[in-house]
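Here's a quick tour of a single protein chain. Take a look at the model before reading on.

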Amino acid sequence: MSKGDKKREKKAQEAAGRKSRKTVLLAVVGLALVAGLAAAAIFLLADDSIKMKVGSAVFTLEVADNDDARAKGLSNRAGMADDAGMLFVYPKAKKMHFWMKDTSIPLTIAYLADDGTILELYDMMPLSERDVSSKAEVRYVLELKLGAFKTAGAKVGDRIASVSGAGKYGVPF
């Protein structure tokens, strides 16, 4: 190898080293951004959640109180914690219609009276397009993992109660 070839090879190695360091630096910055976004998402989720007592258990619930959140519900999620769920809040009482299209988590749904009394309970199977309608007109609907109401000892006629955060959504129970 000539002296000129050695210089060119050394320069190429130095350039490759700089590119490698830049790649590592970009990867570190990218991971930091992802971690920051994840932390922000956790903070926002925690800020938008409420805690409700259902039977003997306390659940952390996301609140769906606008058209977009209610339409999306728990669809397109891979899973959910055993002590999590979603409370749907509507502006006025009406007969409700729910289905499980695009929802892969088996759920039990409760139609609730204005005071938090469980009026109706229905088990809902993943991805089903079967309409599960309420018999009563209600403003509040609660979805928990399949069997969670039973495990917590909650049944039709029992009342659920706020532990924290429900007041900011106008939930009276």
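## Ground rules

This is a predicted model: local features need pLDDT of at least 70, side-chain atom pairs count only at pLDDT 80 or more, and totals for chains, interfaces and linings use all residues. Numbering starts from 1 along each chain as its sequence is written, and side-chain values use heavy atoms, with hydrogens and water left out.

## Overall fold

The protein chain has three helices and seven strands, running α-β-β-α-β-β-β-β-α-β along the sequence. Helices (H or I, at least four residues) and strands (E, at least two) are DSSP runs, numbered from the N terminus.

Of the 173 residues, 32% count as buried (under 20% relative accessible area, 1.4 Å probe, protein chains only). Take contacts (heavy atoms within 4.5 Å) between residues at least 6 apart in sequence: 69% join residues at least 24 apart.

## Two cores

A nonpolar core here is a set of buried Ala, Val, Leu, Ile, Met, Phe, Trp, Tyr and Cys residues joined through side-chain atoms within 4.5 Å. The largest has 23 residues, with L87, L112 and L142 making the most contacts inside it. Elements giving two or more residues include β3 (84-98), β6 (132-145) and α3 (148-151).

A second, separate core of 18 residues includes M86, M100, I109 and M124.

## The main pocket

Lining the largest pocket are 20 residues, with R70, A71, K72, F98 and W99 nearest its centre. β3 supplies the largest share, six residues. A pocket is an open set of points on a 1 Å grid over the protein atoms alone, where a 1.4 Å probe fits, with protein on both sides within 12 Å along at least five of seven lines; lining residues have an atom within 4 Å of a point.

Note on methods
Buried < 20%, exposed > 50% of the residue type's maximum accessible area, 1.4 Å probe, protein only.
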